[in-house]
Amino acid sequence: MSENTEKTTRPPLSADARQAALDKQNVNARKQFTEKFEGTILKIPTQLHCREVIRAYKRIFHISQRNWWIATNTPRTQLKDAELAMKVESGMLKKIEEATKFFQGQLDAGEFKAKEAGADLSLVSHGVSFSELTPVVGPVSMKLRQLFILADKFLDMSAALYAFSEISGDEANKN
């Protein structure tokens, strides 16, 4: 770097500003890609209840779907390399599957703990929920949608176990 060139850094965004920026990018991805997608779209009802999961969904679902399509379509159409496209998609699915296995393991352990303690998980209800017809255009978006639903169930179960005093407040907050 020369003496005349000063490095400028932007101050980090606040959590609210970062959330707003990511929400806007996700909405733009939906408008620019999903709503203009010229192919088959599955519209699947999705309902989420936990604030953290809803926020994550609103931040990344449509961006991730668009990025999957670009990352697999570009090698296939522009580079004529279907094998590369398959490797990219396989890598994405593997990462989602790892997270899915984690949440499923946590759910299984929590359900066992609830059963042993006689905690009735059917009492879980919600005052607020987020619903949409989720547009799904491929396997990555389908698995990602399922991951969000699983994470939502995990947080529901965690809150119930805390209410039944089966996990500590620290453990519930960590979840």
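**Strands, helices and the core between them**

Strands S1 (residues 42-48) and S2 pair in the antiparallel sense over 7 bridges; two strands count as paired if DSSP finds at least two bridges between them. The model is predicted, with pLDDT of at least 70 needed for local features and 80 or more for side-chain atom pairs, while totals for chains, interfaces and linings use all residues. Residues are numbered from 1 along each chain as its sequence is written, and side-chain values use heavy atoms, without hydrogens and water. Strands (E, at least two residues) and helices (H or I, at least four) are DSSP runs, numbered from the N terminus.

Within the strand pair, Leu-48 stands opposite Phe-130 in S2.

In soluble globular proteins, nonpolar side chains tend to be buried together.

Helix H4 (residues 139-163) has 25 residues and spans 36 Å from first C-alpha to last, close to the 36 Å expected at 1.5 Å a residue; the expected span is 1.5 Å times one less than the number of residues. Just after H4, Ser-165 takes a positive phi of about 60°. Apart from neighbours within four places in sequence, Leu-144 is in contact (heavy atoms within 4.5 Å) with Phe-61, Ser-64 and Ile-96.

Aromatic rings are the next feature. Rings of Phe, Tyr and Trp (its six-membered ring) pair if their centres lie within 6.5 Å; planes under 30 degrees apart are stacked, over 60 edge-to-face, and the rest tilted. By this rule there are 8 aromatic pairs. One of them joins Tyr-57 and Phe-148 edge-to-face, at 5.3 Å centre to centre with 80° between the planes. The pair links distant parts of the chain, 91 residues apart, since Tyr-57 lies in helix H2 (residues 51-78) and Phe-148 in helix H4. Ring pairs link Tyr-57, Phe-61, Phe-130 and Phe-148 into a cluster.

Charged side chains complete the picture. A salt bridge is a side-chain nitrogen of Lys or Arg within 4 Å of a carboxyl oxygen of Asp or Glu, and the count comes to 4. One of these joins Arg-30 and Glu-35 at 3.6 Å, N to O. Arg-30 is partly exposed at 22%, whereas Glu-35 is exposed at 55%. Salt bridges link Arg-30, Glu-35 and Glu-132 in a network.

Helix H3 (residues 82-117) holds Lys-87 and Glu-83, which are 4 residues apart, about one turn of the helix. Their side chains meet in a salt bridge of 3.5 Å, N to O, and both residues are exposed. Lys-95 and Glu-98 form a salt bridge of 3.9 Å, N to O. Because they are 3 residues apart in helix H3, about one helical turn separates Lys-95 and Glu-98. Lys-95 is exposed at 58%, and Glu-98 is partly exposed at 41%.

Key: Buried means under 20% relative accessible area, exposed over 50%, partly exposed in between (1.4 Å probe, protein chains only).
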